[in-house]
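Please open the model in your viewer and keep the sequence panel beside it. The tour below moves from one selection to the next and says what can be found at each stop.

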Amino acid sequence: MEKVMKLGAESPVVIFSMSSCCISHSIETLIRSFGANPTVYELDEIPNGREMEKALVELGCKPSVPAVFIGKELVGGSNEIMSLNLRGNKLKQLLIRANAIWV
């Protein structure tokens with residue numbers, strides 16, 4: 001869990017994903033549409049991906065991917081990101097506060 005939290009804090013936006021997950025790809029595309037450049041970890045392509053996936057579940061991500069960190073904090077998965085996006089400009093505000101995008 002410590003490794004996931006450390007990686008989640010290394011960049012303004014971090015997405016834990018699976019290369020074959022279309023929802024993860026959609027969330028990444030949405031975040032990029034605001035001009036952010038997220039760091040993406042494809043858990044099925046890195047050596048300790050299974051351990052990291054288990055840690056994400058322990059942190060409350062169900063399903064485990066996508067898991068999105070913004071501003072060093074776990075925001076959640078696709079439901080949370082889409083909800084923020086649909087509630088006015090809440091997602092954009094988070095990205096601005098995290099210095100992931102500038103206005």
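Helices and strands are taken here as DSSP runs, helices being H or I with at least four residues and strands being E with at least two, and both are numbered from the N terminus. The model is a predicted one, in which local features need pLDDT of at least 70 and side-chain atom pairs count only at pLDDT 80 or more, while totals for chains, interfaces and linings use all residues. Residues are numbered from 1 along each chain as its sequence is written, and side-chain values use heavy atoms, with hydrogens and water left out.

**The whole chain**

Begin by selecting the protein chain and colouring it by secondary structure, which comes to 5 helices and 4 strands. Followed along the sequence, these elements give the pattern α-β-α-β-α-β-β-α-α. The C-alpha trace spans about 35 × 25 × 20 Å along its principal axes. For the radius of gyration, taken over C-alpha atoms, the globule rule is 2.2 Å times the number of residues to the power 0.38; with 103 residues a compact globule would come near 13 Å, and the 13 Å of the protein chain agrees with that.

Next, colour by accessibility, where buried means under 20% relative accessible area, exposed means over 50%, and partly exposed lies in between, computed with a 1.4 Å probe and protein chains only. Of the 103 residues, 41% count as buried. If contacts are drawn as well, a contact being heavy atoms within 4.5 Å, then among those between residues at least 6 apart in sequence, 63% join residues at least 24 apart.

Now select residues 13-17 and 39-42, which are strand 1 and strand 2; they run parallel and are joined by 4 bridges. Two strands are said to pair if DSSP finds at least two bridges between them. To look at one of these bridges, pick Phe16, whose partner in strand 2 is Tyr41. From strand 1 the chain passes through helix 2 to reach strand 2, and this β-α-β crossover is right-handed, a term that applies if, with the strands pointing away from the viewer, the path from the first strand over the helix to the second runs clockwise.

**Helix 2**

Select helix 2, which has 12 residues and reaches 16 Å from its first C-alpha to its last, close to the expected 16 Å at 1.5 Å a residue; the expected span is 1.5 Å times one less than the number of residues. Which residues of helix 2 are buried? They are Ser24, Ile27, Glu28, Leu30 and Ile31. Because these residues cover an arc of only 160° around the axis, they lie on the same side of helix 2, the arc being that of the directions from the helix axis to the C-beta atoms. The buried residues pack against strand 1, strand 2, strand 3 (67-70), helix 4 (78-86) and helix 5 (90-97). Turn to the face pointing away from that buried side, and the exposed residues Cys22, His25 and Ser33 come into view.

Within helix 2 (residues 22-33), centre on Glu28, which counts as buried because its relative accessibility is 16%. Leaving out residues up to four places away in sequence, Glu28 touches Ile15, Pro38 and Val40. Gly35 follows helix 2 and has a positive phi, near 100°.

**Leu43**

Move on to Leu43, in the loop between strand 2 and helix 3 (49-58). Is Leu43 buried or exposed? It counts as buried, because its relative accessibility is 3%. With residues up to four places away in sequence not counted, Leu43 touches Phe16, Ser17, Met18, Gly49, Met52, Glu53, Leu56 and Val65. A C-alpha to C-alpha distance drawn from Leu43 to Ser24 comes to 11 Å, and the two are 19 residues apart in sequence.

**Backbone details**

Select Pro63, in the loop between helix 3 and strand 3, where a cis peptide bond with omega about 0° joins Lys62 and Pro63. Pro66 also has its place in the loop between helix 3 and strand 3, and the peptide bond from Val65 to Pro66 is cis, with omega near -5°.

Then go to Lys72, in the loop between strand 3 and strand 4 (73-76). Although Lys72 is not a glycine, its phi is positive, about 70°, and at 56% relative accessibility Lys72 counts as exposed.

Finish at Asn99, in the segment after helix 5. Phi of Asn99 is near 60°, a positive value in a residue other than glycine, and at 48% relative accessibility Asn99 counts as partly exposed.
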